[in-house]
Amino acid sequence: MSQEIPDELPPELLAAYVDGKLDPARQATVERWLMEHPDVAEELAGHHHLIQVWRATAVPEPSAVTWTAVFERIKHSLATAPSQPGQRRVFARLGWAVGLAAAGLLVALLIVGRSAEEAAKQLAEESFPVAATHEVQILGLDAADTEALVVGVPPSQGPLVLATAGEVRILSIAPDPADQMVAELLLAAPPDVPMIIAPMVPSPEKAP
Amino acid sequence: MAVLTIPACPAPSDEYLLARFAKGDRSALEELFRRYRGLAYRVAYRLLAHEADALDAVQNGFVKALAHLDSFRGKSSFKTWLLRVVSNAALDLGRQRGRREAIGLGAADHSLANGSEPLSRDDPTLDLQRADLRQLLDAALATLPEAQRQTFVLHAEAELSYREVAEALGISIGTVMSRLFYARQKLRAYLAPRIVR
């Protein structure tokens with residue numbers, strides 16, 4: 001440590017000084033510093049005193065009878081716990097499997113329970129806002145949600161059309177020339193699932 | 001006549017006892033319990049200031065530690081790891097039950113508020129003084145944030161080194177040392193008007 005007296009000493013150093021953990025050179029430096037800072041010296045003297053009080057107030061031990069009773073309870077608890085780590089992991093996996101199966105069954109029942117016709121009708125009757133890209137400002141996004149963010153300008157060249165999957169026929173799919181990305185299509189969707197279509201003006205060579 | 005000195009058998013290591021326990025040797029469990037029950041109890045008692053709660057914390061801690069030995073990867077000593085589990089069990093219990101006031105604590109503080117003399121260490125009735133001092137320490141400890149209290153007790157009561165406390169709590173050695181400083185500062189501030197040197 002430098003021979004100069006610093007303005008302050010870090011609490012870690014002062015704690016080590018109280019515990020007698022400093023090498024002789026550092027201890028001497030701290031003692032020189034304390035001579036210049038009597039208020040801190042008094043504080044640390046109080047810490048020494050605290051340690052003495054702590055050691056003078058030992059916690060009384062429980063009786064042998066008490067220890068015997070505690071040990072019996074520990075033995076009983078350990079005897080009823082799963083004995084092998086592998087066995088515990090199997091129980092945990094079984095628990096997860098049962099829980100997931102139950103959750104999946106519940107979700108399936110909820111989905112099947114709602115009639116597709118009711119869903120389509122409800123969706124057709126509800127209005128929802130549609131915004132252009134310049135009308136949206138992203139204030140924040142979690143890293144896990146970035147996959148759901150569509151990057152780029154959709155090829156919307158006309159009014160949006162509400163259709164169902166059964167009303168749409170895919171003629172061809174080609175990567176976008178701007179980024180060579182191919183759009184992901186929900187080809188496995190039931191025919192009555194509502195979709196929003198942004199019709200493109202077909203190029204002459206692609207006209208059926 | 002020749003004198004033969006038979007060296008005492010060294011005590012089995014914790015690792016040996018744990019291996020024996022894993023194989024179902026209940027005498028290994030008994031030895032581990034006998035070896036660390038006192039230390040575990042003193043740590044739990046300092047954190048809870050209540051004998052019955054401290055015994056429950058010791059019981060819960062031993063059960064958790066020994067039922068989850070696969071979590072003990074040997075990075076620290078078994079003693080350090082056990083005391084971490086026991087002190088966490090004590091803190092959990094304290095939160096659940098509300099840290100009870102030490103018996104007679106209210107009376108000890110109340111007498112001071114009524115103008116009684118602070119406790120003196122140079123008093124003939126030393127046993128009574130020790131009990132009162134311990135109660136004052138319990139009250140002072142209750143004023144510390146949990147992290148400082150746990151750090152302080154593991155160092156002051158369990159006499160774990162800075163490194164062992166750091167390993168037990170998953171913090172840096174520097175954090176251990178600064179927590180000790182601030183814990184002592186708060187304890188001193190609480191005790192200073194109540195204890196005469």
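Because the model is predicted, local features need pLDDT of at least 70 and side-chain atom pairs count only at pLDDT 80 or more, while totals for chains, interfaces and linings use all residues. Residues are numbered from 1 along each chain as its sequence is written, chains are lettered from A and ligands numbered from 1 in the order in which they are written, and side-chain values use heavy atoms, with hydrogens and water left out.

**View 1. Chain B at a glance.**
Chain B has nine helices and two strands (DSSP runs numbered from the N terminus, with H or I for helices of at least four residues and E for strands of at least two). Reading from the N terminus, the order is α-α-α-α-α-β-α-α-α-α-β. Of its 197 residues, 46% are buried (buried is under 20% relative accessible area, exposed is over 50%, partly exposed is in between, with a 1.4 Å probe and protein chains only). Chain B shows about 9,900 Å² of accessible surface, and 52% of that belongs to carbon and sulfur atoms (Shrake-Rupley method, 1.4 Å probe; for residues, only the protein chains shown count as cover).

**View 2. The core around B:Phe62.**
The largest nonpolar core takes in 85 residues (such a core is a set of buried Ala, Val, Leu, Ile, Met, Phe, Trp, Tyr and Cys residues joined through side-chain atoms within 4.5 Å). B:Phe62, B:Leu66 and B:Phe78 have the most contacts inside this core.

**View 3. Where chain A meets chain B.**
Here 40 residues of chain A are in contact with 46 residues of chain B. The two chains bury about 4,100 Å² between them, with carbon and sulfur atoms giving 69% (buried area is the accessible area, 1.4 Å probe, that two parts lose on being put together, summed over both). On the chain A side, A:Trp54, A:Val59 and A:Trp67 lose the most area to chain B, together 20% of what that side buries. Eleven residue pairs make polar contacts across the interface, both residues being at pLDDT 80 or more (a polar contact is a pair of N or O atoms within 3.5 Å; within protein, one must be able to donate a hydrogen and the other to accept it, and residues adjacent in sequence count only if both atoms are side-chain atoms). Helix α3 of chain A gives the most to the side that touches chain B, with 13 residues.

**View 4. A:Trp67 up close.**
A:Trp67 sits in helix α4 of chain A and is buried, at 2% relative accessibility. Leaving out neighbours within four places in sequence, its contacts include B:Phe33, B:Arg37, B:Gly38, B:Tyr41, B:Leu55 and B:Val58.

**View 5. Salt bridges between the chains.**
Four salt bridges link chain A and chain B (a side-chain nitrogen of Lys or Arg within 4 Å of a carboxyl oxygen of Asp or Glu). In one of them, B:Arg188 pairs with A:Glu43, the closest N and O atoms being 3.0 Å apart. That pair runs from helix α9 of chain B (residues 173-191) to helix α3 of chain A, and A:Glu43 is buried at 14%. B:Arg42 and A:Glu61 make another, at 3.4 Å between the closest N and O atoms.

**View 6. Salt bridges inside chain B.**
B:Arg34 and B:Glu31 meet in a salt bridge at 2.7 Å, N to O. These two are about one helical turn apart, because they are three residues from each other in helix α2 of chain B. B:Glu146 and B:Arg95 pair at 2.8 Å, N to O. B:Glu146 belongs to helix α7 and B:Arg95 to helix α4 (residues 78-97) of chain B, so this bridge ties together parts 51 residues apart in sequence.

**View 7. Two loop residues with positive phi.**
B:Ala49 has a phi near 55°, positive in a residue other than glycine, and lies in the loop between α2 and α3 of chain B. B:Glu159, also not a glycine, has a positive phi of about 55° and lies in the loop between α7 and α8 of chain B. B:Ala49 is buried at 5% relative accessible area, whereas B:Glu159 is exposed at 62%.

Methods
Contact means heavy atoms within 4.5 Å.
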